[in-house]
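Reader: I'm new to this one and would like a walk through it. Could you take my questions one at a time?

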Amino acid sequence: MDRTFHFFHYQTATLHYSNYGKGSKALFCFHGFGLSGALFYPLEELFSTEYTIYNFDLFFHGQSKWNAGEIPIEEEFWSRLIKEFCKENNISTFALLGYSIGARPVWSTAQSVPEKVKEIIAIAPDGITNSLWFDLATGTVFTRYIFKLLLSNKFYINTFLTIGSFLKIIPSVTVRFARSQLRTKAQRDRVYLTWVVYRKLKANNSLLSEILNKHSIPLTIYLGEFDKIIRYKMVKPLAEKVKHTTIHTLAAGHLNLIKKVQEYIKLVK
């Protein structure tokens, strides 16, 4: 089966995505930070007979472009983008799959066009409960300035991570992940822009749970037993309000959870 690659242009946004599968249903996939759509290729094999898969690069990743600088994506804009994408590709309904920060567009899609959403699969999902660090870094104009300044110099960020690790206010796994993603200026710019631009795409837990319940949209959440980044307490405010929620906790950390999800789905299919 051939995988094809495409671009979708809408105002200040260019989405790059791949197409795979021959199923009658559509599945929209959004990968995590620092990764690419290739993350989901093994999962696509399992879904390819049931779904036609649209696997998107996040902005500032792969070939997707956000041409509005640091201006955040508003949910209303995202809603119009998704509607136009569906119109261009003749898609009436779809399922959603998001991993880590890739869950943020999933929540906003479900909140803005619930009539089109048939199912949600969320893997270690971000955007339900913000971490303290995310709120501090992106919450105000002043803290965004400090965040940008911190990331402007490798010495600053390494010193910050060293002190945070020593004081045990930043988990060691987070420090290791941060160091791997902040080595170069291009990487540090990507962290800043991704966090700042995606900050307004998130779950409004009361609204989203009401919408999912009203439209009977099933929500499946996969968590890693050893994940120090996304824990159950961070998804609890949404998960406990949605009637049709299934949670699977697998023996994995944050970075190898996709592989464990693939193994689990292959086992139960």
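Reader: What radius of gyration does the protein have, next to a compact globule with 269 residues?

Author: The radius is taken over C-alpha atoms, and the globule rule is 2.2 Å times the number of residues to the power 0.38. For 269 residues that rule gives a value near 18 Å, and the protein agrees, so the answer is 18 Å.

Reader: Before we go on, what sort of model is this?

Author: It's a predicted model, where local features need pLDDT of at least 70, side-chain atom pairs count only at pLDDT 80 or more, and totals for chains, interfaces and linings use all residues. Residues are numbered from 1 along each chain as its sequence is written, and side-chain values use heavy atoms, with hydrogens and water left out.

Reader: How many helices and strands are there in the protein?

Author: Both are DSSP runs numbered from the N terminus: helices are H or I with at least four residues, strands are E with at least two. Along its principal axes the C-alpha trace spans about 50 × 40 × 40 Å. The secondary structure in it comes to 11 helices and 9 strands.

Reader: What share of the 269 residues is buried?

Author: Buried means under 20% relative accessible area, exposed means over 50%, and partly exposed is in between (1.4 Å probe, protein chains only). Of the 269 residues in the protein, the buried ones make up 51%.

Reader: How many disulfides does a search of the whole structure find?

Author: A disulfide here is a pair of cysteine sulfur atoms within 2.5 Å. Take Cys29: its closest cysteine sulfur, in Cys86, is 14 Å away, which is too far for a bond. Cys29 is buried at 2% relative accessibility, and Cys86 is buried too, with a relative accessible area of 2%. The search of the whole structure finds 0.

Reader: How do helices α2 and α3 pack, roughly parallel or roughly perpendicular?

Author: Helix α2 covers residues 75–88 and helix α3 covers residues 103–112; their axes are 9 Å apart at an angle of about 80 degrees. Axes are lines fitted to C-alpha atoms, for helices over the stretch in contact, and angles run from 0 to 180 degrees between N-to-C directions. Under 35 degrees counts as roughly parallel, over 145 as roughly antiparallel, 65 to 115 as roughly perpendicular and the rest as oblique. That makes α2 and α3 roughly perpendicular.

Reader: Which residues in α3 do Glu75, Trp78, Ser79 and Ile82 in α2 meet?

Author: Contact means heavy atoms within 4.5 Å. By that rule, the four residues in α2 meet Pro105, Ser108, Thr109, Gln111 and Ser112 in α3.

Reader: Is Leu193 buried, partly exposed or exposed?

Author: Leu193 sits in helix α8, residues 185–197. Not counting residues up to four places away in sequence, Leu193 touches Phe60, Gly69, Glu70 and Tyr198. Glu70 is 123 residues from Leu193 in sequence, yet their C-alpha atoms are 6.4 Å apart. With a relative accessible area of 22%, Leu193 is partly exposed.

Reader: And what about Ser48, buried or exposed?

Author: Ser48 lies in the loop between α1 (41–47) and β4 (51–56). Leaving aside residues up to four places away in sequence, Ser48 touches Met1, Tyr20, Gly21, Lys22, Gly23 and Ile53. At 5% relative accessibility, Ser48 counts as buried.

Reader: What does the cover of the buried residues of α9 include?

Author: Helix α9 runs over residues 205–214, and its buried residues are Asn205, Leu208, Ser209, Ile211, Leu212 and Asn213. What covers them includes α3, β7 (117–123), β8 (219–224) and α10 (232–239).
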